[in-house]
Amino acid sequence: MASQQVEVEKKYDVGADAEVPDLRLVPGVARVGEPRVDRLEAVYFDTEGSALAARGITLRRRVGGHDAGWHAKLPPEASQDADSASGPRRRRELHAPLGQPGVVPDSLLAHLLVYLRGDDPLPVVRLETQRTTYPLYGEDGVHLADLADDQVTAQVLKSSGAQDGDSDTRQWREWELELVHGSPELFPAAEDVLTAAGASPAGHGSKLAKALQGTEAKVPADDVTGAVPPNNAGPRKKGPASELLAAYLAAQIREILAHDPEVRLEQPEAVHQLRSATRRARSALAAYRRLYSAGAVRRLRDELKWLGGVLGAPRDADVMLDRLRGHAAELPEGEAAAAVAARLEEELGNRLDTSYRKLQKALLSERYFRLLDDLDAFSSRPPVRPQAAAPARKTAGKVVAKAARRLRRAAKAVKRSRRGAQHETALHDVRKDAKRLRHVAESVVPVHGKRASKIVQAAHRQQSILGDFHDSVVARDLLAVLAADPDLPEAEASAFVTLHTRQVQLAAEAEAKYWKARRKSRRLLKRGVG
């Protein structure tokens, strides 16, 4: 597993003849430690299409200094304490051991595959840096920050787009103030001292960006790309309806990109989070499909359905295993209970392992990477129809009302259904329609506020209750199959029957809760967002 930290720093351009000032003049700095000199050699990597730079990501292998190894710096975001775009930058930085020169460690690669999408990272820039580091300490001896005085030589490699005959080597000097245990207030405190010595806020966010300026290669972006409403302000009440889907879909794409590495690294709840973002995106595309090209929406919905199915298998097996573990633990202690617990672990554990392997394979497939590309393309260049220019607030009311009507029809279908499989399927359909209403209502919260939020809560309540109902039905059917094994000892068969009866009871209780929740929310859902 790669180690990680949050890097908070600010860079300054400085002339070759500038002298490092007396850093004790910085308010809050009581002592400056002995300077340390390091020679650093780093090679930066990206794809031919600059996929990492487009997302504000840098990947390098660096030799020398206290943190030699592979480093991946994920997209920067402006410090909450910065007053402007020129303030300090916060970046999540991942570290891994040096390993082999051209082979990215798996622990880092897992975080990058969602951006690389099948392309190989190639060397694009080689940097040699002579770094003199000045540690800054406070009155209490706390190591506040480091000021690095860097003399940089950069060689742009042919794979990055340098032209034959052009000078592909450049040199510059920069200062870099990076927090260690200090607070962000140190940055404005140091600003006057550093600028008085001849420094100015850097015109680049990274050494890689500085090295690539003027080449055909893409300079690392300051922020993650992706379509969002103007100024990231979100949908406007008097803006076009297209802003509703643009903002909601962009948020789900960010969630997919964030949780993809966690799934690859098998982190808890990651599959659930990725599956939820996939479902939300699909629900929103269905709700707003009339505003966009039918073919583009249909393709995305079909592929999101495929991905949701691949994610659903391990998620469902995990939920079922956790559920039945708990219920098996309630059985009277003895050999039969232990045997039943072991049988459940074997059955559901095998399902979980098999489905997770299929998921990991799917996340490396061309089909998955093409879906990510298609989502980006739809988000950045939406294939809108004229209807997309309709007022957002009015359109929001219509899509919520439509989803609520669909939920009401599904509930009526339950009442008309025959007891048994037909009834259970009808309740499952209600659950899916409640989920769609929840997602649609989430998308209109920016223009309808509290009323939409109340609908989100009511729909989520019905969805959650019917989720418990569905889990009970699935568990019941599994237990019935296991209990019917003719070779099963009588005591173990009896234990399975006990667990089966418990699921029947829980399903009945969940259905009763659903009808109560539906009655309670009927008026709210019928009225909609107004």
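This is a predicted model: local features need pLDDT of at least 70, side-chain atom pairs count only at pLDDT 80 or more; totals for chains, interfaces and linings use all residues.
Residues are numbered from 1 along each chain as its sequence is written, and side-chain values use heavy atoms, with hydrogens and water left out.

**Helix pair.** I looked up helix 7 (residues 294–328) and helix 9 (residues 366–380), which pack at an angle of about 140° with their axes 10 Å apart; helices are DSSP runs of H or I, at least four residues, numbered from the N terminus, and axes are lines fitted to C-alpha atoms over the stretch in contact, with angles from 0 to 180 degrees between N-to-C directions. The two helices are therefore oblique to each other, a class left after under 35 degrees (roughly parallel), over 145 (roughly antiparallel) and 65 to 115 (roughly perpendicular). The contact (heavy atoms within 4.5 Å) includes Trp 306 of helix 7 and Phe 378 of helix 9.

**Cavities.** I then searched the whole structure and found two cavities of 30 Å³ or more, a cavity being a set of points on a 1 Å grid over the protein atoms alone where a 1.4 Å probe fits but cannot get out, with lining residues having an atom within 4 Å of a point. The largest holds about 110 Å³ of space, the volume being that filled by probe spheres set on the points, and helix 12 (490–527) gives the largest share of its lining, six residues.

Terms used. On a 1 Å grid over the protein atoms alone, a cavity is a set of points where a 1.4 Å probe fits but cannot get out, and a pocket is an open set with protein on both sides within 12 Å along at least five of seven lines; lining residues have an atom within 4 Å of a point.
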